[in-house]
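Have a look at the model, then read on.

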Amino acid sequence: MKNGECKGCSATVRLSQEEIDEIFGQTLKVKNIKLATQEEYNRRLEICKKCQYLDYGTTCRLCGCLVQVKAKLAGARCPYPYQPKW
Ligand code: SF4
């Protein structure tokens, strides 16, 4: 397994900002999705950046989500055990 590849599928797990933006755009196309405010989004990402469970600067090790996408969803919650960080 090369460095940066996923153990399960051998695809890369490192995403560029452009790839994240593309996924983000696809997420926003879904109707009736309630989004977090920009202030709340920034607050969440700042918390994730300091978290020991953030891998590659993009992926939460606990839920496997891209935090740059998940944090934008108003109803999403941090999966940190017993005490979600946001
Ligand atoms: S556990 Fe919570 S704070 Fe940590 S990376 Fe995952 S979503 Fe972010």
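What percentage of the 86 residues of the protein count as buried? The answer is 10%. Keep in mind that this is a predicted model.

1. Start with the overall layout. You'll find three helices and two strands in the protein. Going along the sequence, they come in the pattern α-α-β-β-α.

2. Next, the contacts. Take those in the protein between residues at least 6 apart in sequence: 49% of them join residues at least 24 apart.

3. Now for the ligand. Around it sit Ile47, Cys48, Cys51, Tyr53, Leu54, Cys60, Leu62, Val67, Cys78, Pro79, Tyr80 and Lys85. That shell splits into eleven nonpolar residues, one charged residue and no polar ones. By the way these classes are drawn, Lys counts as charged, while Cys and Tyr count as nonpolar.

4. Tyr80 is a handy member of that shell to follow up. Look for tyrosine 80 in the segment after α3, the helix spanning 67–70. Leaving out residues up to four places away in sequence, tyrosine 80 touches Leu62 and Lys85, and both of these also belong to the ligand's surroundings. Leucine 62 is 18 residues from tyrosine 80 along the chain, yet their C-alpha atoms are separated by 7.2 Å.

5. Is tyrosine 80 buried, exposed or partly exposed? It has 16 other C-beta atoms within 10 Å, so tyrosine 80 is partly exposed.

Note on methods:
Residues are numbered from 1 along each chain as its sequence is written. This is a predicted model: local features need pLDDT of at least 70, side-chain atom pairs count only at pLDDT 80 or more; totals for chains, interfaces and linings use all residues. A residue is near a molecule or strand if its C-beta atom, placed from the backbone, lies within 6 Å of it. Helices (H or I, at least four residues) and strands (E, at least two) are DSSP runs, numbered from the N terminus. A residue is buried if 20 or more other C-beta atoms lie within 10 Å of its own, exposed if 12 or fewer, and partly exposed in between; C-beta atoms are placed from the backbone. Two residues are in contact if their C-beta atoms, placed from the backbone, lie within 7 Å.
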